[in-house]
Amino acid sequence: MGREVPARRGPGDRDGTRSKITGLVLELSGYSHTLGAPECVSIMPSKLKIYFCGSIRAGRGDVDLYGRIVEMLGAYGKVLTPFVADKAVMGTSPEEGTARGDKEIYDRDMELMGECHAVVAEVTQPSLGVGYELGQGSAMGKTILCLYRPQQDKLLSAMIRGAEQKGKFITRDYKEEELPKIFEEFFTECVAIKHKDSLDWDTYEPIAQHPRLSVTAGAFNGFGMYTSTNNELLAVVHSVVLIPQLL
Ligand SMILES: O=c1[nH]c(=O)n([C@H]2C[C@H](O)[C@@H](COP(=O)(O)O)O2)cc1CO
């Protein structure tokens with residue numbers, strides 16, 4: 001049976017007591033993973049905010065796919081724009097959910113764009129709104145992943161594919177079954193590393209990351225932080241279940 005260790009917040013909680021562990025279950029809201037040497041894992045922040053873009057007024061043909069994408073993104077953080085994947089949003093009315101009219105939609109979305117840590121856009125169905133969001137997100141310095149399903153006799157806009165910037169503005173041609181791997185790479189290799197040095201202790205965000213953490217190189221201090229042996233913070237842990245047989 002595991003032992004619950006209550007999570008606490010902030011560097012002030014540390015008392016210097018550290019114990020080496022060889023196995024534990026980390027439970028972060030929205031993410032949990034069992035560690036066991038010599039396994040390597042990646043840990044994502046629970047409060048990462050993701051802005052998902054997809055066509056609305058330009059056509060809702062891919063709305064089911066958007067739903068599956070939003071569900072997958074939920075493993076990495078909070079999707080700020082779930083309405084993009086809402087089948088009830090048809091794009092044929094000037095209103096959308098609780099947003100009353102275009103100005104309100106625009107203002108809300110630009111605020112959410114400012115707030116997010118990463119942008120993921122499904123760009124197969126060309127959409128003025130999505131193109132605009134990507135331009136704004138790029139100007140705000142967001143880390144962006146564009147997903148495109150190659151089409152016969154069609155090319156993705158050069159203003160998307162040509163905006164490629166390593167680790168910052170990425171376009172991936174894909175088939176749906178490849179999405180888990182694409183997301184894993186994007187969030188661990190692009191998003192996590194970028195936010196590594198900007199931890200906000202009050203909100204837990206963005207939380208420092210280590211793309212591939214070997215458990216044998218880590219230590220748990222018992223106070224809700226998981227660190228590497230050189231004391232680098234790797235994750236804030238909400239609750240921990242120690243695995244006795246591995247201790
Ligand atoms: O009702 C809306 N709500 C909304 O959030 N958007 C945003 C989010 C989508 O990623 C993008 C879709 O743009 P468009 O409607 O031009 O396809 O714009 C767009 C609309 C309608 O233009």
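In this model, the face of helix 3 turned away from its buried side carries L128 and A139, both exposed (over 50% relative accessible area; buried is under 20%, partly exposed in between, with a 1.4 Å probe and protein chains only). Helices (H or I, at least four residues) and strands (E, at least two) are DSSP runs numbered from the N terminus. The model is predicted: local features need pLDDT of at least 70, side-chain atom pairs count only at pLDDT 80 or more, and totals for chains, interfaces and linings use all residues. Residues are numbered from 1 along each chain as its sequence is written, and side-chain values use heavy atoms, leaving out hydrogens and water.

The buried residues of helix 3 are V130, E133, L134 and G137. They lie on the same side of the helix because they cover an arc of only 100° around its axis, taken from the directions from the axis to the C-beta atoms. These buried residues pack against several elements, among them strand 6 (49–53), helix 2 (102–115) and strand 9 (143–148). After helix 3 comes G141, with a positive phi near 80°.

Leaving out residues up to four places away in sequence, F183 touches I69, M72, L73, Y76, V120, L145 and L147, a contact being heavy atoms within 4.5 Å.
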